[in-house]
Amino acid sequence: MLVTRSYEYPKPDEVRGDLAMILGKGILFAEGDDHRRQRRIMAPSFGPAHLRELVPVFFEHSHHLRDALKTAIEAGEVDETAWRDETQRGEWEQDHPDGEVVFDIAKWLGRVTLDIIGDGASPSSSPLCACRAYRGACR
């Protein structure tokens, strides 16, 4: 129903409110005719031919992530943000097997996703450019 009649179910004001003021009236927050127009403009970017061109970008950043995680694991690095609180970290420190490391993988995946979006939109941008810009905007 939301696929075929989505325009009959607008987003609640709470969803479109504060975040839309920060991010603008883009496709995520647009409704009705504005959304249709924006979706039509963006559609060619998600066609099979364009997505095929992005495969090397996906592979490049996936391999970069793999290498970064492998290096961190080999160095025994522990992601300080991986725990909900100090109690959880303390429990892990008491009984974790030797060589085990912990990562907040969502953070890493968020970074690589922003890198892929930035590189796909502007191949000349440097690595982590989109991630740095996003983090700077959210401070």
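## Basis and confidence

In this predicted model, local features need pLDDT of at least 70 and side-chain atom pairs count only at pLDDT 80 or more, while totals for chains, interfaces and linings use all residues. Residues are numbered from 1 along each chain as its sequence is written, and side-chain values use heavy atoms, with hydrogens and water left out.

The mean pLDDT (the predictor's confidence in each residue, from 0 to 100) of the chain is 78, and 81% of the residues score at least 70. Where pLDDT is low, the predicted coordinates should not be read in detail.

## Helices and burial

The chain holds 7 helices and 0 strands; these are DSSP runs numbered from the N terminus, helices being H or I of at least four residues and strands E of at least two. Of the 139 residues in the chain, 18% are buried. Buried means under 20% relative accessible area, exposed over 50%, and partly exposed in between, with a 1.4 Å probe and protein chains only.

E100 is in the loop between α5 (86-95) and α6. E100 has a relative accessible area of 34%, so it counts as partly exposed. Its C-alpha atom is 9.4 Å from that of E77, 23 residues apart along the chain.

## Aromatic contacts

Rings of Phe, Tyr and Trp (its six-membered ring) pair if their centres lie within 6.5 Å; planes under 30 degrees apart are stacked, over 60 edge-to-face, and the rest tilted. This rule gives 2 aromatic pairs. The W83 and W92 pair is tilted because the planes stand at 50°, with the ring centres 5.2 Å apart. Both W83 and W92 are buried. The pair of F103 and W108 is edge-to-face, with 5.9 Å between centres and 85° between planes.

W108 has 17% relative accessibility and therefore counts as buried. The charged end of R111 sits over the W108 ring, 5.9 Å from its centre; this requires NZ of Lys or CZ of Arg within 6 Å of the ring centre and within 35 degrees of the ring normal.

## Largest pocket

A pocket is an open set of points on a 1 Å grid over the protein atoms alone, where a 1.4 Å probe fits, with protein on both sides within 12 Å along at least five of seven lines; lining residues have an atom within 4 Å of a point. The lining of the largest pocket includes F46, H50, F58, I117 and G120. Two or more lining residues come from each of α4 and α6 (105-121).
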